[in-house]
Amino acid sequence: MVNVRQSLDLTPLSRPLGGRPVEWLISGAPVPYPEALAAMEARAADIAEGRAGELVWLLEHPPLYTSGTSGKATDLLEPRFPVFDTGRGGQITYHGPGQRVAYAMLDLKQRRPDVRAYVAGLEEWIIRTLAAFNVRGERRQDRIGVWVKRPDKGEGFEDKIAAIGVRLKRWVSFHGISINVEPELAHFDAIVPCGVKDPRFGVTSLADLGHLATMADVDIALRTAFEEVFGAMQAPLREAAV
């Protein structure tokens with residue numbers, strides 16, 4: 001199946017010359033989901049009004065499930081952890097320790113007001129980040145997120161290593177991506193991740209694939225890849241106000 005996102009020109013996603021560099025925030029402690037959502041919504045509103053610059057926020061959540069606008073109650077098989085309705089696109093997924101979440105609050109009106117191109121840009125950001133660990137991530141036309149082939153499991157088997165969920169208000173993005181570094185993969189067993197029921201398609205992580213990386217290693221790769229796709233960042237901030 002031809003993946004139209006694969007062939008999109010992502011150059012216009014870079015910030016125009018002279019634009020304010022994107023801020024980079026890293027939270028060391030797990031952030032409760034309601035707190036993160038409120039902070040993202042407030043920052044996105046400030047960006048839209050010109051009161052604040054763009055921001056990428058790296059964090060982990062305590063164990064929880066989030067459900068997007070296409071989420072189905074039947075995809076929650078076992079309520080092990082709290083479930084939060086998010087307003088983002090997509091279905092149900094798991095967040096928790098060992099997973100790097102990157103929330104991107106970007107002004108697409110100043111970059112490229114094109115949702116499909118933005119999603120392709122997020123995919124490219126993930127793919128380039130994974131490449132730093134010699135992991136080949138791939139897009140799929142009929143499945144959102146980034147996938148790795150698993151010939152060790154059988155012909156046609158693939159596992160999802162990173163998820164994408166996006167929401168836009170006034171062409172400012174929030175929510176973003178998550179990459180499985182070393183989470184407890186068994187927690188995905190309590191849901192139908194992103195609504196994908198085909199038994200050939202599972203969930204994996206860098207650790208599951210045999211690539212031992214620290215969260216700091218992943219953050220460095222994320223920053224490098226982000227600058228390649230979306231443009232220059234400011235110096236990293238830690239535990240700063242969103």
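On a 1 Å grid over the protein atoms alone, a pocket is an open set of points with protein on both sides within 12 Å along at least five of seven lines, a cavity is a set of points where a 1.4 Å probe fits but cannot get out, and lining residues have an atom within 4 Å of a point. Grid points are joined across faces, edges and corners, and a volume is the space filled by probe spheres set on the points. The structure is a predicted model, in which local features need pLDDT of at least 70 and side-chain atom pairs count only at pLDDT 80 or more, whereas totals for chains, interfaces and linings use all residues. Residues are numbered from 1 along each chain as its sequence is written, and side-chain values use heavy atoms, with hydrogens and water left out.

The chain contains four helices and 12 strands; helices (H or I, at least four residues) and strands (E, at least two) are DSSP runs numbered from the N terminus. Of the 242 residues in the chain, 52% are buried, where buried means under 20% relative accessible area, exposed over 50%, and partly exposed in between (1.4 Å probe, protein chains only). Among contacts in the chain with a separation of 6 or more, 73% are made by residues 24 or more positions apart, a contact being defined by heavy atoms within 4.5 Å.

The largest pocket has a volume of about 260 Å³. Its lining comprises 22 residues, of which Arg88, Thr93, Ala163, Ile164 and Gly165 lie nearest the centre. At least two lining residues of this pocket are supplied by each of β5, β6 (99-105), β8, β9 (158-169) and β10 (172-180). A search of the whole structure returns one cavity of 30 Å³ or more. The largest cavity holds about 80 Å³ of space, and of the 13 residues that line it, Thr93, Lys160, Ala163, Asn180 and Phe188 are the closest to its centre. β5, β9 and β10 each contribute at least two residues to the lining of the largest cavity, with the largest share, four residues, coming from β9.

The structure holds 12 aromatic pairs. Rings of Phe, Tyr and Trp (its six-membered ring) pair if their centres lie within 6.5 Å, and planes under 30 degrees apart count as stacked, over 60 as edge-to-face and the rest as tilted. Phe81 and Tyr94 form a tilted pair, at 6.1 Å centre to centre and with 40 degrees between the planes. This pair links distant parts of the chain, 13 residues apart: Phe81 belongs to the loop between β3 (64-67) and β4 (83-85), and Tyr94 to strand β5 (residues 92-95). Tyr94 is buried, as its relative accessible area is 1%.

The ring centres of Trp147 and Phe201 are 5.9 Å apart and the planes stand at 70 degrees, so this pair is edge-to-face. Here, too, distant parts of the chain are linked, with Trp147 in strand β8 (residues 143-149) and Phe201 in strand β11 (residues 201-203), 54 residues apart. Both Trp147 and Phe201 are buried. The charged end of Arg143 sits over the ring of Trp147, 4.5 Å from its centre, and Arg143 also lies over the face of Phe201, at 3.7 Å from the ring centre. A charge sits over a ring if NZ of Lys or CZ of Arg is within 6 Å of the ring centre and within 35 degrees of the ring normal. Elsewhere, Trp24, Tyr118, Trp125, Phe226 and Phe230 make up one aromatic cluster.

Three further residues were examined individually. Ser205 lies in the loop between β11 and α4 (215-230) and is buried, with a relative accessible area of 2%. Its side chain reaches the backbone nitrogen of Asp208 at 3.0 Å. Residues up to four places away in sequence aside, Ser205 touches Ile161, Asn180, Val181, Glu182, Pro183 and Leu185.

Arg140, in strand β7 (residues 138-140), is buried at a relative accessible area of 16%. The side chain of Arg140 makes a polar contact with the side chain of Glu158 at 2.8 Å; a polar contact is a pair of N or O atoms within 3.5 Å, where, within protein, one must be able to donate a hydrogen and the other to accept it, and residues adjacent in sequence count only if both atoms are side-chain atoms.

Phe84, in strand β4, is partly exposed, with a relative accessible area of 23%. The C-alpha atoms of Phe84 and Thr66 are separated by 4.8 Å, although these residues are 18 residues apart along the chain. Apart from neighbours within four places in sequence, Phe84 is in contact with Tyr33, Pro34, Leu64, Tyr65, Thr66 and Ser67.
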